Amino acid sequence: MTAPLLITGGRLVDPSQGLDAVGDLLLVDGKVAAIGGQIAGPDGAQRVDAKGLVVAPGFIDVHVHLREPGREEVETVATGAHAAVAGGFTAVCAMPNTKPVTDNQATVGFVKRQGEAAGFARVYPYGAITVGQMGETLAEFGEMVAAGAVAVSDDGKPVENSHIMRTALEYAQTFGIPVVEHCEVMALAHGGAMHEGTVSARLGLKGIPGEAEEIDVIRCILLAKLTKGHIHLCHLSTKGSVDLVRWGKDQGVNVTAEVCSHHISLTHEAVEGYNTNAKMNPPLRTAEDVAALQQGVKDGTIDLLVTDHAPHHYDEKEREFPDAPNGIVGLETALGVNMTWLVERGVLTIPQLVDRMSTRPAKVFHLPGGSLAKGRLADVTLFDPARRWTVDAAQFKSKGRNTPYGGQTLTGQAVCTIVGGRVVHQLDR
Amino acid sequence: MTILGKDLLGLAGLSREQVTTILDVAEPLRAISERAIKKVPTLRGMTVVNLFFEPSTRTRISFEFAEKRMSADTVNVATAASSVSKGETLVDTARNLEAMRIDMVVIRHPHSGAARFLAERIESNVINAGDGTHEHPTQGLLDLLTLREKLGGLEGKRICIVGDVLHSRVARSNIWGLKAMGAQVAVCGPRSLLPGAIRELGVEVFDRIEAAIEWADALNILRLQLERMQLGYIPSLREYNRVFGVTRARLERAPRDLIILHPGPMNRGVEIDSDVADGPHSVILEQVTNGVAVRMAVLYLLAGNAPALADAAKGATV
C-alpha cells in the first residue's frame, strides 16, 4: 500500500457532486478518504501542495489507439498509458483495431494485463463488434466483457450491415455495454483524403463530404431507437451530426456522442500545404462545423471529449498526402487544446470541462472514476489552468510524434496525475 | 532567389508580373526551335532529372526537348525502371539523385501535393510536371501563351474549360493562371465532374455547352478519362458526346469564332469531334510548340537567369 496522500489548498472541481471550492483532498488505500475544507492528514501522509491548481477527478479518454498487439514500433500499451498520465488522463479505453484484432477474450485479457503491468493509466480494452472487424459475424461480447472489455466497436471502419448493427445493439444490452460506431458511409468516403470543400477543390484532393458521416449517424440513431440499445457515436465532425444527435436525444433515444479535441480547434485549412499531420478520419471540417461542435459540447448534445489518439510512425506520415495514414496523437495535448479553445474562449467553464473529460465519460461507459466523492477511486488530475506551454513533440511520452500542434503555445497543463492513490506523473516545473 | 523562387509547383499564388515574365521570356525562346541548329548553351553544365511516376509521353518529351535545346544534361527516371517499385520512398529516391549532384528535378506524380512534398525536402529546383489532380503549371502556361497570342491579350477575355474539371490538374492551373492575368474563367461539364466548391474558386459554371460556346472567346477542352464511366461519374461516353461534345454544328451557332484548345491526348468523337480538332480554329498543335518554349523559359528562369537576357540567349549558338 502506498502512503496516504494529502493534497492541500487546491481548487477542488468535482462535477459529480457539484463541487467547486478551495480545499484539501485525502487519499488513503487507493480511495478518496476525505474531501473539502481543511483536512488534518494522518501521520506519514505524503503532502502535495496544490495551491493555484485545479484538483479534478482523473480524466478518462474513451477513444485511444495503443497499437498493441501488432504495431509495437508505433506505440505500446505501456507508452500509450504513459502518454495518458502525462496528459492528465488516469484511464483510457483502447480501441480494438490491433493486429490481430481484439475480437476475443484472449486478446482483451492481454491488453488489460499489459495495462496493469505498465502501471500508468488504467487501460480498459474495447472488444470488436464483429470478428476481425469484417462487419459480418458478431464477436463474443460475453466472453470479452468477462475478460475486461467495457464496450464494443469496429472503430476505423463502420458496421455497414444494418442487420449486424441492429443485432449488436440488441445483444450488447445483455451485458450492459455501449455499442460504439465509427460513422462513415464507405461508398461516399472512398478514396477521400480530407473534407470535401473549397480547400480540397483547390488542392486537388478527393474530398469526404460531411454526409458520409451524417447518414451513418442517423442510421445508428434509428437503430438504437428500434432496439432501445445504447449507441455511442465516435468522433463527430459536422454540424449536421450534432443536429441529428440533438434530435435523437429529444426523441428519447439512448444515444451518446463524443468529439475530438482537434475537431473543436482546427479546420480543413490546416491541411493547406499538404500537412499530413492534419490528415485524419473523419477529416477536419469547416469553421461552421467547429462552432457547432463547440456548441454541442456546451449544451450537452455531445457528451464527452476524446482524443482519438492515433500514433503513426514518422516514416508513415513523411509521405505524399494521399498515401499518409489517418490520425494524430492527442493524449499529451488534449487538455491544453481543450483549455485553449473551449475554456479560454468562454465556451465551457472549468467544471464543465472536467465534466466532459472525466465525469461523463465514466458515466457513459459505466467506468469507476469520474468522481472525488468519499469512497471512490483515488484517480486524480492536478492541472494548472493558467500555465502556458509550447508543444514539443520530441518531449512526448508517446512514441507518436504526429501532432498538428507542434510549436503552438497552449494554455493549461497537467501537473500531477494520480492513479489509485499513487503519483504516476509529475511535471518538472 | 529567382523571380519564381526555388520551384515552380503551381500557378496558384503567382502574380500577374511573374506569369507575364514567364510568357515574355518564352516568346523569344520559341525561335530557337525554329532554327536548323536547335541549341543554345544557356544551361550548359546543369543536370536535370525528369522523374516520372506516371506514364507520360508528350510532357516528358516536351521537357526533354526544352532541356536539351538549352544544353542541360538530362536523365529520365520512369517508375518502372526506378527503385520506387522496390519500396523506396519518394524522398529517398530524390535524395539519392541529389547526392549525385543534380540541379533540377522535373516531377510527374499521381498524388496531389507530391511536387511540393519533394520541393520542401531537397535543395534542387523542382518543377511540377503534373501532380495528381492538383496542378500542371507548365501546361497552364503554354495554354496562356497560346491564348495571349491568339486573342491579342488575356485581360477581360472569356475562357471556358470544358469537361472533367474534378479530376483535372490542367483545369486548376488554367483557372489560377487565367485569373492572375485578368481573364474571365468559366467551366462547363456534367455536375458529377465538377468540384462542389467550384464557384468558390472564382469561376462561372455552365451546364449547357451551347451556353458556354455563346459566352466564350476560347474553349479549353479537357480529356475525358475513359475510366470515369466505369467509376460511375457519367452514364456513357456516347451521352457525354451528345451533351458536352464540342462539335462543328455547335460551334457554327457561336456569335464569334472560338479558339479551340485541348491539352491532349484527345479522345476524338468523345469530348471533341475530329472536324473541330483539325478545324481552322484549333490551336492544339501550336500549344504543343509553345509547350517547349514555356518549359525552356521556366528552366531558364529557375536557373537564376535574368529575364532581360532571354533575347541574348536566343541569339547565341553552340
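Contact is taken here as heavy atoms within 4.5 Å. The model is predicted, so local features need pLDDT of at least 70 and side-chain atom pairs count only at pLDDT 80 or more, whereas totals for chains, interfaces and linings use all residues. Residues are numbered from 1 along each chain as its sequence is written, chains are lettered from A in the order in which they are written, and side-chain values use heavy atoms, with hydrogens and water left out.

Chain A is divided into domain 1 (5–55 + 377–426) and domain 2 (58–364), with bounds from an automatic or database domain assignment. In chain A, 39 residues of domain 1 are in contact with 47 residues of domain 2. The two domains of chain A bury about 3,300 Å² between them, 63% of it from carbon and sulfur atoms; buried area is the accessible area (1.4 Å probe) that two parts lose on being put together, summed over both. Of the area that domain 1 of chain A buries against domain 2, K399(A), N402(A) and Y405(A) supply 22%, more than any other three residues. The count between these domains is 1 salt bridge, a side-chain nitrogen of Lys or Arg within 4 Å of a carboxyl oxygen of Asp or Glu. D379(A) forms a salt bridge with R122(A), with the closest N and O atoms 2.6 Å apart.

Between the chains, 20 residues of chain B are in contact with 16 residues of chain A. Chain B and chain A bury about 1,400 Å², 57% of it on carbon and sulfur atoms. On the chain B side, H111(B), S112(B) and F117(B) lose the most area to chain A, together 29% of what that side buries. E318(A) and R121(B) meet through their side chains in a salt bridge (2.5 Å, N to O).
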